[in-house]
Amino acid sequence: GTAHAALAARNVVDGPFAVINADDYYGPEAFREIYGYLSAHADGDVYEYVMVGYLLKNTVTENGTVARGVCEETADNFLTRVTERTKIEKGEPPRYTEDDGQTWTELSEDTIVSMNMWGFTRSFLDEAWARFPAFLDKALAENPAKAEYFLPTVVSQLIDEGKARVKVLRSEDKWYGVTYREDKPTVVSAIAEKTASGLYPDRLWEG
């Protein structure tokens, strides 16, 4: 799971850090936003974390349904809950189903969703590590082959306990990912256009 992956780096991280999915394209705006917030905020009475949210309309595919974490926030944009919707399809407006398409619920195309771009202080790794044994005990007793230690689960626990708050920033960049095989040509074309425009060098790994 994603929390387990973050914990793999716990012995080499000693300051603020960001976590992303390795197989998603997030765009430059999100990295600027998360860097700026982490640079200006340190833990105080509570842990100061951050998440970059995306407009739902910028994260769906033409080729099927997607799973997205629908965010709920306070008036001043602190996260209160992330609800996983596992089958969202593109439309005007987008919509999701929880019963294999028998019924559908509409969502605003401007709904803020999590794409797993998080910013943390070192405290997150310490908290996730302290909670790992309880996760393992439960997973081994229930279904060890399917158990995943999810990063949002740890975040939600810390929010519910009043130990952390998570600022929700926004990016209007379009997300790209290969959820389906048919998505690949769109992603390849988009990256080629960004390279041609000068946003990225031709040989990224050398520059």
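Between which two strands lies the loop where Pro93 is found?

Reply: Pro93 is found in the loop between strand E5 (79–89) and strand E6 (95–96). Strands here are DSSP runs of E with at least two residues, helices are runs of H or I with at least four, and both are numbered from the N terminus. Before going on, note that this is a predicted model: local features need pLDDT of at least 70, side-chain atom pairs count only at pLDDT 80 or more, and totals for chains, interfaces and linings use all residues. Residues are numbered from 1 along each chain as its sequence is written, and side-chain values use heavy atoms, with hydrogens and water left out.

Back to the loop. Glu92 and Pro93 are joined by a cis peptide bond. Its omega is about 0°.

Now the other end of E5. The loop between strand E4 (66–73) and E5 holds Asn77. Phi of Asn77 is near 65°, a positive value, and Asn77 is not a glycine. Asn77 counts as partly exposed because its relative accessibility is 28%. The scale is this: buried is under 20% relative accessible area, exposed is over 50%, and partly exposed is in between (1.4 Å probe, protein chains only).

Asn116 also has a positive phi, about 65°, without being a glycine. Asn116 is found in strand E8.

Stay in E8. Trp118 is found there. Trp118 has 1% relative accessibility, so it counts as buried. Leaving out residues up to four places away in sequence, Trp118 touches Leu79, Phe17, Ala18, Val19, Ile34, Val50 and Met51, among others. Leu151, Pro152, Val155 and Val166 are also on its list. A contact means heavy atoms within 4.5 Å. Asn143 is another matter. Trp118 and Asn143 are 25 residues apart in sequence, and their C-alpha atoms are 28 Å apart in space.

Next, the aromatic side chains. Rings of Phe, Tyr and Trp (its six-membered ring) pair if their centres lie within 6.5 Å; planes under 30 degrees apart count as stacked, over 60 as edge-to-face, and the rest as tilted. By this rule there are 14 aromatic pairs. Take Phe17 and Phe120: their ring centres are 5.8 Å apart and their planes are at 45°, so the pair is tilted. This pair links distant parts of the chain, with Phe17 in strand E1 (residues 17–19) and Phe120 in strand E8 (residues 112–120), 103 residues apart. One aromatic cluster takes in Phe17, Tyr47, Tyr49, Trp118, Phe120 and Phe124.

Finally, the whole protein. It has five helices and ten strands. Of its 207 residues, 40% count as buried. Of the contacts with a separation of 6 or more, 70% are between residues 24 or more positions apart. The C-alpha atoms fill a box of roughly 50 × 45 × 40 Å along the principal axes. The protein has 22 positive and 35 negative side chains. Lys and Arg count as positive, Asp and Glu as negative, and His and the chain ends are not counted. The centres of the two sets lie 2 Å apart, with each charge placed at NZ of Lys, CZ of Arg, CG of Asp or CD of Glu.
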